[in-house]
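Please open the model in your viewer and keep the sequence panel beside it. The tour below moves from one selection to the next.

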Amino acid sequence: SGPLDALVPPAVAAHAVAVVREAVSNVVRHASASVVSVTVDACDDLVVEVVDDGVGLDPAAARSGLRNLDDRARECGGEFSTAPAAPGTRLRWRVPL
């Protein structure tokens with residue numbers, strides 16, 4: 001939602017596309033989810049949220065993909081977080097516009 005084309009600079013858009021790809025790929029490969037939703041909102045910030053109904057994050061699993069998403073957020077002056085969703089996981093990537 002929001003004026004994505006007008007507000008999101010091309011460099012930030014490229015990061016956001018990579019974030020969505022990585023997040024959805026992780027859900028497909030690891031979450032055993034039956035539903036995943038992707039929400040992108042542009043206003044004062046660009047917020048990408050991916051929520052699934054899967055098994056949640058494995059604390060013993062490698063974090064390289066998630067670390068990459070965090071690095072992308074920090075590069076753009078933003079933040080990245082994951083949290084349990086009942087059931088599943090909520091991933092949130094936010095950068096200022």
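What follows is a list of selections, each with a description of what is there.

Before selecting anything, note that this is a predicted model, in which local features need pLDDT of at least 70 and side-chain atom pairs count only at pLDDT 80 or more, while totals for chains, interfaces and linings use all residues. Residues are numbered from 1 along each chain as its sequence is written, and side-chain values use heavy atoms, with hydrogens and water left out.

Begin with the strands β1 (36-42) and β2 (45-52), bearing in mind that helices (H or I, at least four residues) and strands (E, at least two) are DSSP runs numbered from the N terminus. β1 and β2 form a hairpin with two residues between them, and they pair (DSSP must find at least two bridges between two strands) in the antiparallel sense over seven bridges. Within this pairing, select Thr39, which stands opposite Glu49 in β2.

Next, select Leu46, Phe80, Leu91 and Trp93, which touch the most other members among the 19 residues of the largest nonpolar core. Such a core is a set of buried Ala, Val, Leu, Ile, Met, Phe, Trp, Tyr and Cys residues joined through side-chain atoms within 4.5 Å, where buried means under 20% relative accessible area, exposed over 50% and partly exposed in between, with a 1.4 Å probe and protein chains only. At least two residues of this core come from each of α2, β2, α3 (64-75) and β4, and the largest share, six residues, is supplied by α2.

Staying with Leu46, display its contacts (heavy atoms within 4.5 Å); leaving aside neighbours within four places in sequence, they include Val12, Ala16, Val40 and Trp93.

Now move to Ser32, in the loop between α2 (10-31) and β1. Its phi is positive, about 55 degrees, although Ser32 is not a glycine; the residue is exposed, with a relative accessible area of 62%.

Most residues other than glycine have a negative phi, and most peptide bonds are trans.

Finally, select the cysteines: how many disulfides does the structure hold? With a disulfide taken as a pair of cysteine sulfur atoms within 2.5 Å, the structure holds zero. For Cys43, the nearest cysteine sulfur, that of Cys76, is 18 Å away. Cys76 itself counts as buried, at 18% relative accessibility.
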